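Please examine the sequence and the three-dimensional structure shown here. An explanation of the fold follows them.

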Amino acid sequence: MIGQCLCGEIIFEITGVVPNLYQCHCSQCRKQGGSASNTATIVGANQIVWHAGQNLITKFKHVTGFNSHFCSVCGSPVPNKLRDDDLVWVPAGLLEQSENLEIVAHLFVGSKAHWEIIGDLAKQYNQMRDLDTLYKALQHTIS
Ligand SMILES: [Zn+2]
Ligand SMILES: [Zn+2]
């Protein structure tokens, strides 16, 4: 599945199955994305192939450890590595096809903006989930 930033300079591909999505409602994601929450998925580092624009990525690390990588031309958030580099966070809005994806978890609902109303039936968690647990929860169930 291809993903690209708003200006189209940064293009990447996720090979294999793209896991489902989660939304994070924490205050950091809110500021980073400028909206109620951040919708993303997590893929294996070996699933990401960069096609263009990797040299345009600006990296910001907050004192809390929160990472934000973004296109220096248009400001779109772009994928960045998590933890020990084995997993990569991918912002869902950059993906070109999303027909098979759904939101399966809401994180940090306890600190969401007062004006936000969550309108789907996905599970809600007041805080972060353990990364391995979250990654497992995002996998498509085979029916
Ligand atoms: Zn861009
Ligand atoms: Zn967050």
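The model is predicted, so local features are reported only at pLDDT of at least 70 and side-chain atom pairs only at pLDDT 80 or more, whereas totals for chains, interfaces and linings use all residues. Residues are numbered from 1 along each chain as its sequence is written, and chains are lettered from A and ligands numbered from 1 in the order in which they are written.

The protein chain contains 2 helices and 11 strands; helices (H or I, at least four residues) and strands (E, at least two) are DSSP runs, numbered from the N terminus. In sequence order these elements give the pattern β-β-β-α-β-β-β-β-β-β-β-β-α. The C-alpha trace spans about 40 × 35 × 30 Å along its principal axes. A compact globule of 143 residues would have a radius of gyration near 15 Å, and the 15 Å of the protein chain agrees with this. That radius is taken over C-alpha atoms, and the globule rule is 2.2 Å times the number of residues to the power 0.38. Contacts are counted where two C-beta atoms, placed from the backbone, lie within 7 Å. Among contacts between residues at least 6 apart in sequence, 61% join residues at least 24 apart.

One open sheet is formed by 6 strands in the order β8-β9-β4-β3-β10-β11, with mixed pairing. Two strands are taken to pair if DSSP finds at least two bridges between them. In general, strands of a sheet pair through backbone hydrogen bonds, either parallel or antiparallel. At the edges stand β8 (80–82) and β11 (123–124); each has a single partner strand, so one side of each is left without a neighbour in the sheet. Strand β8 pairs with β9 in the antiparallel sense over 3 bridges, and K81 has V88 of β9 as its bridge partner. The hairpin of β8 and β9 has 4 residues between the strands, and R83 there takes a positive phi near 45°. Strand β9 (residues 87–91) also pairs with β4, in the antiparallel sense and over 5 bridges. Here I42 has W89 of β9 as its bridge partner, and T41 has V90.

A second open sheet consists of 3 strands in the order β1-β2-β5, with antiparallel pairing. Its edge strands are β1 (2–4) and β5 (48–52), each pairing on one side only. The twist averages 25° from one strand to the next; the axes are lines fitted to C-alpha atoms, for helices over the stretch in contact, and angles run from 0 to 180 degrees between N-to-C directions. Strand β2 (residues 11–14) is joined to β1 by 3 antiparallel bridges and to β5 by 4 bridges, again antiparallel. Residue E13 is the bridge partner of I2, and the bridge partner of E13 in β5 is V49.

A residue counts as buried if 20 or more other C-beta atoms lie within 10 Å of its own, as exposed if 12 or fewer do, and as partly exposed in between, with C-beta atoms placed from the backbone. By this criterion 26% of the 143 residues are buried. E96 lies in the loop between β9 and β10 and is exposed, with 10 other C-beta atoms within 10 Å. Leaving out residues up to four places away in sequence, E96 touches M1, I2, G3 and Q4. The C-alpha atoms of E96 and I2 are separated by 5.7 Å, although these residues are 94 apart along the chain. N100 belongs to the loop between β9 and β10 and is exposed, with 10 C-beta neighbours inside 10 Å.

Nonpolar side chains tend to be buried together in soluble globular proteins. A nonpolar core is a set of buried Ala, Val, Leu, Ile, Met, Phe, Trp, Tyr and Cys residues joined through C-beta atoms within 7 Å. The largest has 14 residues, and Y22, C24 and V43 have the most contacts inside it. The elements giving two or more residues to this core are β3 (21–24), β4 (38–44) and β10 (103–107). Neighbours within four places in sequence aside, Y22 is in contact with A40, I103, V104, A105, L107, L134 and L138. Apart from this core lies another, of 8 residues, including C5, F12, V78 and L95.
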